[in-house]
Amino acid sequence: MASTKDSNRASGLSETGDPSKGMISLASVRDSLIRQEDTIVFSLIERARFPYNAPVYDHSFLGSGQSLVELFVRESEALHAKAGRYQNPEEVPFFPDDLPLPLPLPCDNPQATAPVSVIEAIWNMYFNDLLPLITVKGDDGNYALTAAADLACLQALSRRIHYGKFVAEVKFRDAPQDYSPAIRNKDGDALMKLLTFKSVEEMVKRRVEKKAMVFGQDVTLQDKGDKVEFTDGEIKVDPSVVSHLYDEWVMPMTKHVQVEYLLRRLD
């Protein structure tokens with residue numbers, strides 16, 4: 001009988017559910033997904049503090065045919081590639097062509113044997129659909145900071161969505177008898193039904209909406225004592241937008257990644 005370690009290697013995923021330490025498990029995957037919610041909400045709040053800043057996305061702004069945000073993402077990814085970021089299965093570059101090879105650093109996170117990417121869909125969703133919902137019209141001239149905030153949002157969303165590979169692997173190991181027939185029949189619809197839990201999705205939507213509501217308020221302390229008070233005022237990012245983000249894009253894209261991963265799981 002193959003060991004758990006051998007099964008991890010066969011799947012192409014590291015043994016790390018985070019993935020950095022510890023065996024991959026349902027609990028570690030769930031904990032990571034919840035922490036990633038925090039990262040996404042905070043990154044959206046940070047981006048929302050700037051107006052839309054249209055020149056950042058203007059392909060004629062730099063005179064090179066690419067926008068400032070594209071340049072920022074490309075150059076950042078080149079550096080991250082050298083450090084080995086994209087050796088992790090859930091880390092997928094938006095511009096994978098011509099990235100430098102990673103430096104010879106110790107690494108325990110091999111590439112997944114079934115690479116799945118929805119990078120183009122994430123990029124289009126962020127700039128065409130989400131960004132107009134979290135920013136106001138205007139131009140404050142903070143173009144570099146705006147591009148940096150965009151990068152943080154893109155990376156957080158990409159990591160969360162491509163983490164579906166780990167989710168799919170854990171679910172497969174938990175019930176291989178349920179998933180294997182659909183995988184062998186290449187039945188993506190059947191896999192999608194197995195992966196869909198409406199009650200869980202509703203809980204996630206409510207949780208991220210609540211996080212956006214709490215994280216998006218200013219917090220003060222009373223002069224006497226340490227009682228926390230939330231300052232009345234406008235919430236920094238609309239909680240309903242964050243819930244909509246998960247409902248309309250994050251969870252559907254994640255399930256698409258899961259299905260595509262599982263369809264290759266037995267190859």
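# Contacts and Packing in a Predicted Model

User: With which residue does R159 form a salt bridge?
Analyst: The closest N and O atoms of this pair are 3.1 Å apart, where a salt bridge is a side-chain nitrogen of Lys or Arg within 4 Å of a carboxyl oxygen of Asp or Glu. The partner of R159 is E90.

User: How many residues apart are R159 and E90?
Analyst: R159 belongs to helix α5 (residues 143-162) and E90 to the loop between α3 and α4; helices are DSSP runs of H or I, at least four residues long, and are numbered from the N terminus.

User: Is E91, the salt-bridge partner of R85, buried or exposed?
Analyst: The side chains of R85 and E91 meet at 3.1 Å, N to O. Buried means under 20% relative accessible area, exposed over 50% and partly exposed in between, with a 1.4 Å probe and protein chains only. R85 is partly exposed because its relative accessible area is 22%. At 11%, E91 counts as buried.

User: How many residues apart in sequence are D247 and K205?
Analyst: D247 and K205 form a salt bridge whose closest N and O atoms are 3.7 Å apart. D247 lies in helix α10 and K205 in helix α9, so the pair ties together parts of the chain. D247 is partly exposed at 36%, whereas K205 is buried at 13%. Their separation is 42 residues.

User: How many salt bridges does a search of the whole structure find?
Analyst: Some salt bridges share partners, and E37, D38, R207 and K211 are joined in this way into one network. The search of the whole structure gives a total of 17.

User: Which residues does L262 touch beyond four places away in sequence?
Analyst: Contact means heavy atoms within 4.5 Å. Once residues up to four places away are set aside, L262 touches A168, F172, Y179, I183, L191 and L195.

User: Which helices are included in what covers the buried residues of α7?
Analyst: The buried residues of α7 are Y179, S180, A182 and I183. Their cover includes α6 (164-174), α8 and α10.

User: Is N53 buried or exposed?
Analyst: N53 is placed in the loop between α2 (26-48) and α3. It has a positive phi of about 55° without being a glycine. Because its relative accessibility is 0%, N53 counts as buried.

User: What angle lies between the planes of F95 and W123?
Analyst: The structure holds nine aromatic pairs, in which rings of Phe, Tyr and Trp (its six-membered ring) have centres within 6.5 Å; planes under 30 degrees apart are stacked, over 60 edge-to-face and the rest tilted. F95 and W123 are edge-to-face at 5.3 Å centre to centre, and the angle between their planes is 80°.

User: What accessible area do F197, V200 and M203 have together?
Analyst: These residues form a nonpolar surface patch, defined by over 30% relative accessible area, no salt bridge and nonpolar side chains joined within 5 Å (like charges, within 9 Å). F197, in the loop between α8 (188-195) and α9 (198-215), is partly exposed at 44%. By the Shrake-Rupley method with a 1.4 Å probe, the area of the three is about 260 Å².

Terms used
Residues numbered from 1 in each chain as written. Predicted model: local features only at pLDDT ≥ 70, side-chain atom pairs only at ≥ 80, totals over all residues. Heavy atoms only, no water. Helix = DSSP H or I, 4+ residues; strand = E, 2+ residues; numbered from the N terminus.
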